[in-house]
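Q: I would like to learn how to read a chain like this one. Please go through it feature by feature.

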Amino acid sequence: MSGLHCVSFNSNGLNIPSKRGQVLHSFKKKHVDGLFLQETYFRKTSTPVMKNNYYKTWYNACTPLKKQKGVSIVFSKNVSFKKMDSLVAADGRYLFVKGHIGETLYTFANIYAPNEKQVTFLRAVFKLLSLFSEGYLLVGGDFNIAPDPKVDSSTGKSRYSKQKLKRFGDMLGAEMSEHLEVRVREVQPNFTKMFGFGS
């Protein structure tokens, strides 16, 4: 394949089959190869059976009992991904998967931070990721704080002060520079209005 088109998306629940189908169809139309999904709300005891003909490969981090949190890394049928290893958070907050696409080694990481103490959480996760990752690294997720609201938020606003946002942005840049070799930011279309309902 000539390139890998990946999107990070907070789904706000994907247990309803019709909603799941709508979301996946929208990404298929945009020729998205890899999805980093947050807040899937899948439970370990009742993860839905995925019957999508386009997005066939799913890796999930689920919560044990409640329909909350949860992240997934999903590949389309156009991506021939051969998994080597994975690291899954027991509470559904992060998921790391590494393996080969062709001859190239990749690590994919999907992170869903809590809505408080994000810095402490992300520092710990980045350190784990630095020990796990090999090859090219792609990181997606919802950090529950936008360092630059005009770029990273669908509303363009933040509930945090400019000083806190700057401190967080500085920390994020420093941690990623220290622990991660590649930093990629892609501004995605706002799907909130289309899929603004829960699971």
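Q: What share of the contacts in the chain with a separation of 6 or more is accounted for by residues 24 or more positions apart?
A: Contact means heavy atoms within 4.5 Å. Residues 24 or more positions apart make up 61% of the contacts in the chain with a separation of 6 or more.

Q: What kind of model is this, and how are residues numbered?
A: This is a predicted model, in which local features need pLDDT of at least 70, side-chain atom pairs count only at pLDDT 80 or more, and totals for chains, interfaces and linings use all residues. Numbering starts from 1 along each chain as its sequence is written, and side-chain values use heavy atoms, with hydrogens and water left out.

Q: What is the average pLDDT of the chain, and where does pLDDT stay under 50?
A: pLDDT is the predictor's confidence in each residue, from 0 to 100. The chain averages 80, and 85% of the residues score at least 70. Over residues 181–199 pLDDT stays under 50, and the model has 36 contacts beyond four places in sequence for that stretch.

Q: How many helices and strands does the chain have?
A: Helices (H or I, at least four residues) and strands (E, at least two) are DSSP runs, numbered from the N terminus. The chain has four helices and eight strands. Their order from the N terminus is β-α-β-β-β-β-β-β-α-β-α-α.

Q: What is the strand order in the sheet that contains β1?
A: Strands of a sheet pair through backbone hydrogen bonds, either parallel or antiparallel. Two strands are counted as paired if DSSP finds at least two bridges between them. Here the order is β1-β2-β4-β3, an open sheet of four strands with mixed pairing. β1 (6–10) and β3 (55–61) each have a single partner strand, so one side of each is left without a neighbour in the sheet. Direction ignored, neighbouring strands are turned by 15 degrees against each other on average.

Q: Which helix packs on this sheet?
A: Axes are lines fitted to C-alpha atoms, for helices over the stretch in contact, and angles run from 0 to 180 degrees between N-to-C directions. Helix α1 (residues 17–29) touches β1, β2 and β3, and its direction makes about 125 degrees with that of β3. Within the sheet, β1 pairs with β2 (residues 34–38) in the parallel sense over five bridges, and Cys-6 stands opposite Gly-34 in β2.

Q: Is Ser-11 buried or exposed?
A: Buried means under 20% relative accessible area, exposed over 50%, and partly exposed in between (1.4 Å probe, protein chains only). Ser-11, in the loop between β1 and α1, is buried, with a relative accessible area of 1%. Beyond its neighbours within four places in sequence, Ser-11 is in contact with Lys-19, Gln-38, Glu-39 and Thr-40. For the chain as a whole, 44% of the 199 residues count as buried.

Q: What is the strand order in the sheet that contains β7?
A: This open sheet of four strands runs β5-β6-β7-β8, with mixed pairing. Its edge strands are β5 (81–88) and β8 (136–142), each pairing on one side only. Neighbouring strands are turned by 20 degrees against each other on average, direction ignored. β5 and β6 are antiparallel, with seven bridges, and form a hairpin with five residues between them, where Gly-92 in the turn has a positive phi of about 75 degrees. Eight bridges join β6 (residues 94–101) to β7, also antiparallel. Helix α2 (residues 118–132) lies across β5, β6, β7 and β8, at about 25 degrees to β6.

Q: What contacts does Asn-110 make?
A: A polar contact is a pair of N or O atoms within 3.5 Å; within protein, one must be able to donate a hydrogen and the other to accept it, and residues adjacent in sequence count only if both atoms are side-chain atoms. Asn-110 lies in β7 (residues 104–112) and is buried, with a relative accessible area of 0%. The side chain of Asn-110 makes a polar contact with that of Gln-38 (2.9 Å). Outside four places in sequence, the residues in contact with Asn-110 include Phe-36, Ser-72, Arg-93 and Gly-140.
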